[in-house]
Amino acid sequence: MSAVHHSEIIAERVGEPYGTIILAISITVIEVSIIVSLMMTEGTEAASLARDTVYAATMLILNGIIGLCLLIGGLKHYEQNFSASSVTIALVSLVSIIVFTLVFPTFTKSVEGSYYSTPQLVFASIACVVIYGSFLFAQTRRYRQYFLTVDTDENEEVAEPIHITNRVFYTSLIFLILSLGIVVLLAKTLSPTIESIIVGNNLPKSLVGVFIAVIILLPEAIAAIIAARKNRLQTSINLALGSALASIGLTIPAVAIVCIMMEMPIILGLDITSIVLLGLSVFTVMLSLSSGKSNIIYGVVLLVNLFAFVFLMIYP
């Protein structure tokens, strides 16, 4: 929470869409640290942890965060506007990264099982970095106007700008780095605790990834929901889709580097049921955000998809 607080102060100073990028990358650093910590501690037993966490984070973002923002924002403001062009850019990038990292490994033939061979893993990692880098270029330079908050009606609530001094900015920058460093150091303590709770309650071990994703995304989800309530749905969508892209596009390459260097196995491919559910989520989000206007029905459907994801994980 402290890391997110300081990243939000920095975000307020640098402005959109840079602010949401800083927050997304900060959360991804936490995610990578926890995943790598568990994989180095448990070895082959945690081979699927990166896949489970990234998959869970993607499902939580697409269905949970976006669903809640559409529902809560729609209930308060009836209908909210956002840039359909920004959504298209983000979703095109996200779909490609999802297929490269979570779908293709199930069907490749170089290695038996849901694995990539080393050359395939290197290619997928490079593809993720290139696509995510292109998305950042579009978001910050070429098509930055698409990602800025859409103008609202005069009678609707608009957040007042906050002046951040140089002293506050640099202080927050230092404390952001310190906070992220502390999270990395605490990851080895947190991760086994989560796993022991899951195993102790006779729940599927794949829920470890879900719990890690929930903990990682909770502060960001709160920030997105607050933005939606303040009639800044564009900021909420920037946060959500930017986080989904960073979660996969940065986490998988980072974990891949560690696995290649330490010769650890990494399972990336999803099973057919998960692929279908992920495809349903992406398709539903595409339809929900295609018009540039929010609707509470879209939020309800996305939340039902989220409940289906959790239900089918417990009762496969």
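**Salt bridges, core and surface in a predicted model**

Colleague: Are Asp52 and Arg51 buried or exposed, and what separates the closest N and O atoms of their salt bridge?

Modeller: In this predicted model, Asp52 and Arg51 are both buried. These two residues form a salt bridge with each other. The closest N and O atoms of the pair are apart by 3.1 Å.

Colleague: How many salt bridges are found in the whole structure, and how many residues apart are Glu79 and Lys293?

Modeller: A search of the whole structure gives 2 salt bridges. The side chains of Glu79 and Lys293 meet in a salt bridge, at 3.8 Å from N to O. That pair links distant parts of the chain, with Glu79 in the loop between helix 3 and helix 4 and Lys293 in the loop between helix 10 and helix 11.

Colleague: Is Gln80 buried or exposed, and with which side chain does the side chain of Gln80 make a polar contact?

Modeller: Gln80 lies in the loop between helix 3 (49–77) and helix 4 (84–107). Its relative accessibility is 1%, so Gln80 counts as buried. Leaving aside neighbours within four places in sequence, its contacts include Cys69, Ala228, Arg232 and Lys293. At 3.0 Å, the side chain of Gln80 makes a polar contact with that of Asn231.

Colleague: Which residues touch the most other members of the largest nonpolar core, and which helix gives the most to this core?

Modeller: The largest nonpolar core has 91 residues, and those touching the most other members are Ile66 and Phe309. The greatest contribution to this core, 14 residues, comes from helix 3.

Colleague: What distance separates the C-alpha atoms of Ser274 and Phe309?

Modeller: Ser274 is found in helix 10 (residues 272–288) and counts as buried because its relative accessibility is 12%. Ser274 and Phe309 are 35 residues apart along the chain, and their C-alpha atoms are separated by 8.2 Å.

Colleague: What is the area of the nonpolar surface patch made by Leu203, Val310, Phe311, Leu312, Ile314 and Tyr315?

Modeller: One of the patch residues, Val310, lies in helix 11 (residues 296–314). Val310 is partly exposed, with a relative accessible area of 30%. The area of the patch is about 520 Å².

Methods
Residues numbered from 1 in each chain as written. Predicted model: local features only at pLDDT ≥ 70, side-chain atom pairs only at ≥ 80, totals over all residues. Heavy atoms only, no water. Helix = DSSP H or I, 4+ residues; strand = E, 2+ residues; numbered from the N terminus. Buried < 20%, exposed > 50% of the residue type's maximum accessible area, 1.4 Å probe, protein only. Polar contact = N/O pair within 3.5 Å; in protein donor to acceptor, adjacent residues only side chain to side chain. Contact = heavy atoms within 4.5 Å. Patch = residues over 30% accessible without salt bridge, like charges linked within 9 Å, V, L, I, M, F, W, Y side chains within 5 Å. Areas by Shrake-Rupley, 256 points an atom, 1.4 Å probe, with all protein chains shown as cover. Salt bridge = Lys/Arg side-chain N within 4 Å of Asp/Glu carboxyl O. Core = buried A, V, L, I, M, F, W, Y, C linked by side-chain atoms within 4.5 Å.
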